[in-house]
Amino acid sequence: MPQKDRIKRLSFFTASVSWVLLLVNVLLLAYQRHTGEETLGQDYLSNLFSVVFILSVFTFQRFRLEPHATAGFTKPLWHLFVKGGLGAYVCLLLNVGYPNLNLYWANPYLLDIFYQILFGFLVYFLGKAFYTWRQFILYQKTKDLQTQWKWFEILLYVSLLVPLLNVEYMKFIFLMLDLALLLAYSVYMSVHLRWVAFLSLDRKWGSIFLLTAILASVVLFGNFLFQYSDSPELVIDYTDNPFILLTLAFVFTYTLSSFLVAVFSLPTSKVFEQKNADLRNFQRLSQTIQQGQSEEEVYSILFDSAIKASGADSAWLETGEEGRSGIPPAHNEGAEQALMDHIKSGLTRAHKERGTLHQDSIFLEGDLRHNPAFVGADLPFYSLLVMPLVSTKRKYGHLYLLREVEQGFDQDTIDVVQSFTNQTVLTIENLRLVQESLQNERYKEELKIASLVQDRLIPKTFPTDTWFEISTYSQAAKEVGGDFYDFLQLSESRIAIIIGDVSGKGISAAFHMAQMKGIFHGLMQQDLLPDEFMVQANSALSRCLERTSFITSALYIIDYKMQGVSFARAGHCHTLYYNSMMEDTFYFQTEGLGLGIMRDASYAKRIHRLHYDYNPGDVMVIYTDGIVEARSEDQDEYGEDRLKYMLSQTYHLEAEDIKSAIINDVTDFTNDTLHDDQTLLVIKFKQRQPNN
Amino acid sequence: MKIKHTISDNTITISLDGELDASSSVMLDEELSNPSIMMFSKILVDCKNLNYISSAGLGVFISHLQRFEDAQIKLIFFNMQEKVRNVFEILGLDLLMTIVSSYEEAVTIAND
């Protein structure tokens, strides 16, 4: 604000210059009076300079002290005392020194100089005090108050004109009346003391101390002003300046009323502080969610706040819900186990006696020692308050508060503690919701990655040849991701096909899928037989699969030179087959244990190899359990029989069409709801034709 | 999914009610991981009301299988529904685990 700075600098400069000019003029006048010689000094100049001085000091302070004060009130008070009030004490020193000085060095101008210094300090102090009090009066202002203050200021400044006109205003009754009214106005302004209510107890004591010091300054200033006003040596006296008198009166009344109000509000401060603390604690409870704090911290805040709000001598908080494992957080303040047991057993008896089996209501007892339910326990407490932490859905626990005095909990306290517990329950529930949604978010992200991995692991290009057709289908369910299949050309006439399903879901399933794919490509370089492959894959997976995971898989090696398929099944779904010579559809019923279930050498006994010579026109259907376990709305399973029937109806079609027919049927059956991954491979063998 | 257990002498009978999927298998795992279960020499699993078992559910049984075998605790399933039994069979688990049709049969085998 360069404008304000300019005004401040200018007013400071004018004030200094006008005060020096005033002093010079006063000295000239004094010289004139002593010697009788004519000088440049004029009476009206004194008045003019003093008015200019007052005006510039007040303007300076007006722009220095902005009306929007913060809640810290001791700082402005301290500034007022140090920068303004101390002037009175400086004058006190001068005053004490003056008679002695006068004795040794009788100078007719000494008093005038002293009086001008006093005047300078006084005006500075008044300006500072006036605008400091404006800050205080306008704290939490209303529109009316602002207008009233504006007029108060204007009217006061108007009274500055009186000395300029050089009238003996004491003689004019109407002027006197006006000034009396203005005085009444300033007394009225002094009732605006809201700021005192916002002081804490410590600050109130500090303010009272400062106000006393400021009050002493006002009295000292006033005293000096009037003490010398009648001295014949004095050329000019300010006791007939109405502006000075009015502001002095205003500053005095406001300081005094502030002091009195501060003193008398001391006993109630504690109550206000308590209410403020309650409010802050309440706020803290509701803010804990945003700050991402834990439930334990929320309970801690509740516990501490409730003890502070109720003034309990002993307390404990029991939390922990049914169906939630983990050690419940223990909060205890001066309550021993024996005491807690006594109270709780007494409480059960009391509930029984009262016939209130509903234990989740507030329990209040103000005379424990004489209550039959608690008699005999010899408790050191008279009052007990039990506050349940319940929501419509859950019970979170109980808060026990004890006081040594009788009827120690009033309705107000109970209300506050209850709002704390309500807020706590709300906060806990919100906290859980937030955590849940975070968890879901993470889970979704994980699934996205998993399905991406799954998508990459499944081959996009299929082996094409003249002796067979192959058609594939793969659809991942939202929740489960574990199906995979792959091909590997072993030699010109042999191809390996693997299909599998990894247990589990999300990242870990995708990870095991990738491992399985690696194992397939790695091991098949050695051109293993299907059962040998399974044994070695089992041994490899035993080292990396977690205990609860396993993989079902089936491996097929098709040799078209020999026109045969050899395969092994490791816990995977049976293979569906259509034999065109016999015109028969059936499942290959072989035995074979899933991978990762038995993790030692005995696994070799659990896996078998089957060899089958195929004919052109034969169809082999390989799938995962997502197909046969697909469920209809009535929770019926699609089943092997229905799949078999479908093939027996469609075997004459091309592989692509057989696949489409089956998938359409499955989708119809489930009404398009997917519970599990579905993978389907249809292989149709054809007449061997020479490769060109 | 509800899991109930009844105890007599050295036998604990665990009844499974509902669908044993990824979320409910955690409960079952907690139940079977409880150290006190090792005090029994026979664990009978009543599958009468078990309508569905997912790979996660199977994984729980598989992971505890070896532990029970080492401690010479007999794990016997009974009253298994056809489709659930089918899952066990396809995976080859019927050869590793004892699955019988009725409670009486389970008790007889357990006492062998």
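Predicted model: local features only at pLDDT ≥ 70, side-chain atom pairs only at ≥ 80, totals over all residues.

Reader: What is the make-up of chain A in helices and strands?

Author: Chain A has 19 helices and 15 strands. Of its 692 residues, 49% are buried. Take the contacts in chain A between residues at least 6 apart in sequence: 73% of them join residues at least 24 apart.

Reader: Why is A:Thr424 called buried?

Author: Its relative accessible area is 0%. Buried means under 20%. A:Thr424 therefore counts as buried. The residue sits in helix 14 of chain A, which spans 411-457. Leaving aside residues up to four places away in sequence, A:Thr424 touches A:Leu285, A:Val298, A:Tyr299, A:Leu302 and A:Leu389.

Reader: Why is A:Ile154 called partly exposed?

Author: Its relative accessible area is 38%. Exposed would need over 50%, and buried under 20%. The value lies in between, so A:Ile154 is partly exposed. This residue belongs to helix 5 of chain A.

Reader: Which helices supply at least two residues each of the nonpolar patch?

Author: Helix 5 (143-158) and helix 6 (161-165) of chain A do. Helix 5 gives the most, with four residues.

Reader: What makes strand 6 and strand 12 of chain A edge strands?

Author: They belong to an open sheet of five strands in the order 6-15-14-11-12, with antiparallel pairing. Strand 6 (468-475) and strand 12 each have a single partner strand, so one side of each is left without a neighbour in the sheet. The twist averages 15 degrees from one strand to the next.

Reader: How do you know that strand 11 and strand 12 of chain A pair?

Author: Pairing requires at least two bridges. Strand 11 (575-579) and strand 12 are joined by five, and they run antiparallel. They therefore count as paired. A:Tyr577 has A:Phe586 of strand 12 as its bridge partner. Four residues lie between the strands of this hairpin, where A:Glu583 takes a positive phi near 50 degrees.

Reader: Why is strand 12 of chain A called mostly covered?

Author: Four of its five residues (584-588) are buried. Helix 18 (639-650) lies across strand 11, strand 12 and strand 14 of chain A, at about 140 degrees to strand 12.

Reader: What links strand 14 and strand 15 of chain A?

Author: Five bridges, in the antiparallel sense, between residues 619-623 and 678-685. A:Val621 stands opposite A:Val682 of strand 15.

Reader: What is the strand order in the open sheet of chain B?

Author: Five strands run in the order 1-2-3-4-5, with mixed pairing. Strand 1 (2-8) and strand 5 (98-100) stand at the edges, because each has a single partner strand. Neighbouring strands are turned by 25 degrees against each other on average, direction ignored.

Reader: How many bridges join strand 1 to strand 2 of chain B?

Author: Seven, and the two strands run antiparallel. B:His5 has B:Ile14 of strand 2 as its bridge partner. Helix 1 (22-33) of chain B lies across both strands, at about 170 degrees to strand 2.

Reader: What is the phi of each, and where do they lie?

Author: Phi of B:Gln72 is near 55 degrees, a positive value in a residue other than glycine. B:Gln72 lies in the loop between helix 2 (55-70) and strand 4 of chain B. Phi of B:Asn79 is near 60 degrees, again positive in a residue other than glycine. B:Asn79 lies in the loop between strand 4 and helix 3 (82-91) of chain B.

Methods:
Residues numbered from 1 in each chain as written. Chains lettered and ligands numbered in written order. Heavy atoms only, no water. Buried < 20%, exposed > 50% of the residue type's maximum accessible area, 1.4 Å probe, protein only. Contact = heavy atoms within 4.5 Å. Axes fitted to C-alpha atoms, helices over the stretch in contact; angles between N-to-C directions.
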